[in-house]
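Reader: I'm new to reading structures, so please take me through this one a piece at a time.

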Amino acid sequence: MRILVVEDTEDLADAIVHRLRKLGYAVDWVASGDEAEELLVQAQYQLVLLDIMLPGLDGQAVLTRLRRRRNATPVLMMTARSQVDVKIDLLDLGADDFIVKPFDLRELEARCRALLRRSHGMVSSRVEFGNLVFDAAAKKVLVDGRPVDLGGREFRLLELFLANLGAVMAKEELMDRLFSLDQPTALNAIELYVSRLRRKMQGSSLELRTVRGLGYVADIRSAD
């Protein structure tokens with residue numbers, strides 16, 4: 001999952017980026033509304049964390065332009081203003097959620113999980129697929145009740161496959177969602193992560209198939 005953080009307070013931005021990357025998300029950070037606008041036109045994100053008070057374009061202008069382009073990417077607004085009218089205005093402009101500064105990073109993390117889950121049609125952080133249990137909140141994966149040890153990117157890769165069952169996912173798309181702009185990598189890195197995930201998920205209901213020349217498809221095996 002690729003997240004864009006738009007925040008001009010460097011200490012806060014560093015804390016958010018560090019926290020989210022530690023959880024396995026690919027995170028890009030910019031400090032102005034103009035930079036955010038440029039990236040949002042060029043790249044695809046699964047979530048945007050957007051401050052209101054920014055140099056150049058403010059957060060409300062960035063949000064307005066995003067929605068005018070009919071871009072439905074979930075947006076979590078970060079604001080120091082707690083007035084009800086401000087919150088109503090943000091929601092009416094197209095924000096999906098907001099959080100008032102100062103905030104606990106654990107709350108921010110939970111709100112991010114909820115928005116990402118909602119955007120993929122999942123109603124709960126804990127989902128079951130045959131003998132496979134995926135728990136985004138607890139950051140746990142179980143197969144036949146036994147925990148599977150996954151690294152941060154392996155966990156996010158599994159999350160991507162489970163959210164796109166039956167769909168072909170190109171290596172380029174996976175790379176775009178798993179790595180941020182300042183983490184250049186080669187396509188064979190995706191092959192390595194998929195190979196690791198496939199090995200660790202042996203015995204589970206998940207089937208990962210390679211579609212030659214296109215990418216990968218994840219499916220759930222039916223119970224015999």
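Reader: How far apart do the end C-alpha atoms of residues 2-116 lie?

Author: UniProt, in an unreviewed entry, places the feature "domain: Response regulatory" at residues 2-116; such positions use the numbering here, feature names are shortened, and annotations may be inferred rather than shown by experiment. The span is 48% helix and 21% strand, where helices (H or I, at least four residues) and strands (E, at least two) are DSSP runs numbered from the N terminus. Its end C-alpha atoms lie apart by 10 Å.

Reader: What kind of model is this?

Author: Residues are numbered from 1 along each chain as its sequence is written, and side-chain values use heavy atoms, with hydrogens and water left out. Local features need pLDDT of at least 70, side-chain atom pairs count only at pLDDT 80 or more, totals for chains, interfaces and linings use all residues, and the model is predicted.

Reader: How many bridges join E1 to E2?

Author: E2 is mostly covered, since four of its five residues are buried (buried is under 20% relative accessible area, exposed over 50%, partly exposed in between, with a 1.4 Å probe and protein chains only). The chain goes from E1 through H1 to E2 in a right-handed β-α-β crossover; right-handed is when, with the strands pointing away from the viewer, the path from the first strand over the helix to the second runs clockwise. Arg 2 has Ala 26 in E2 as its bridge partner. Two strands pair if DSSP finds at least two bridges between them, and for the parallel E1 and E2 the number of bridges is five.

Reader: Is Glu 7 buried or exposed, and which side chain makes a polar contact with its side chain?

Author: Glu 7 sits in the loop between strand E1 (2-6) and helix H1 (10-22). With a relative accessible area of 0%, Glu 7 is buried. Leaving aside neighbours within four places in sequence, its contacts (heavy atoms within 4.5 Å) include Trp 29, Asp 51 and Met 78. A polar contact is a pair of N or O atoms within 3.5 Å; within protein, one must be able to donate a hydrogen and the other to accept it, and residues adjacent in sequence count only if both atoms are side-chain atoms, and at 2.8 Å the partner of the Glu 7 side chain is that of Lys 101.

Reader: What is the phi of Arg 70?

Author: Look in the loop between helix H3 (59-68) and strand E4 (75-79) for Arg 70. Arg 70 is exposed, because its relative accessible area is 79%. Although Arg 70 is not a glycine, its phi is positive, at about 60 degrees.

Reader: And what is the phi of Asp 144 near?

Author: Asp 144 lies in the loop between strand E8 (140-143) and strand E9 (146-147). Its relative accessible area is 48%, so Asp 144 is partly exposed. As a residue other than glycine with a positive value, Asp 144 has phi near 55 degrees.

Reader: What arc do the buried residues of H7 cover?

Author: In helix H7 (residues 171-178), Leu 174, Arg 177 and Leu 178 are buried. They lie on the same side of H7, because the arc they cover around the axis is only 90 degrees. The arc is taken from the directions from the helix axis to the C-beta atoms. What covers these residues includes E1, H6 and E12, and the arc asked for is 90 degrees.
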